[in-house]
Amino acid sequence: MGRQASQSRYLTDSGGCVLVDFVGRYEALERDYHHVCRTVGIEPRELPRLKQSPRRPFPERYTPALAARVVGLLQADFELFGYPVDPAAEG
């Protein structure tokens, strides 16, 4: 597995304080897009859907060993963004 950069490192300072007001989630793209549009005072446009695949729960996408490795490598992201650290906890 290639070296992955933690996304949280782009959003926090050296002390771990979050530097942004809002972080949108890909899994809630349309909802979060509308939130940002309302916040900045612009009219949202319809987001095109070019390709869409069914979203499978975390435990179905990875073997237990790979899930543990992903969580270990990206622990800060899981904590900052509120994702369950236990892959079996996601539904």
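Which side chain makes a polar contact with the side chain of Ser-8? In this predicted model, the partner is Ser-6, whose side chain sits 2.7 Å from that of Ser-8 in a polar contact.

Read from the N terminus, the elements simply go α-α-α-α-α. The chain has 91 residues, and 19% of them count as buried. What about contacts between residues that are separated along the chain? Taking contacts between residues at least 6 apart in sequence, 48% link residues at least 24 apart.

Back to Ser-6, then. This residue belongs to the segment that comes before α1, the helix covering 8–11. Ser-6 counts as buried because its relative accessible area is 15%, and the cut-off for "buried" is under 20%. Besides the contact with Ser-8, the Ser-6 side chain makes a polar contact with the side chain of Asp-77, also listed at 2.7 Å. Setting aside neighbours within four places in sequence, Ser-6 is in contact with Leu-74, Ala-76 and Asp-77. Asp-77 therefore turns up both in this set of contacts and as a polar partner of the Ser-6 side chain, with 15% relative accessible area left to Ser-6 itself.

Helix α5 takes in residues 75–80, and Leu-80 is part of it.

Finally, a word on the cysteines. A disulfide is a covalent bond between the sulfur atoms of two cysteines. How many disulfides does this model contain? With sulfur atoms required to lie within 2.5 Å of each other, the count is 0. Two of the cysteines can still be described by their surroundings. Cys-17 is partly exposed, because its relative accessibility is 46%. Cys-37 has a relative accessibility of 2%, so this cysteine counts as buried.

Methods: Residues are numbered from 1 along each chain as its sequence is written. This is a predicted model: local features need pLDDT of at least 70, side-chain atom pairs count only at pLDDT 80 or more; totals for chains, interfaces and linings use all residues. Side-chain values use heavy atoms; hydrogens and water are left out. Helices (H or I, at least four residues) and strands (E, at least two) are DSSP runs, numbered from the N terminus. Buried means under 20% relative accessible area, exposed over 50%, partly exposed in between (1.4 Å probe, protein chains only). Contact means heavy atoms within 4.5 Å. A polar contact is a pair of N or O atoms within 3.5 Å; within protein, one must be able to donate a hydrogen and the other to accept it, and residues adjacent in sequence count only if both atoms are side-chain atoms.
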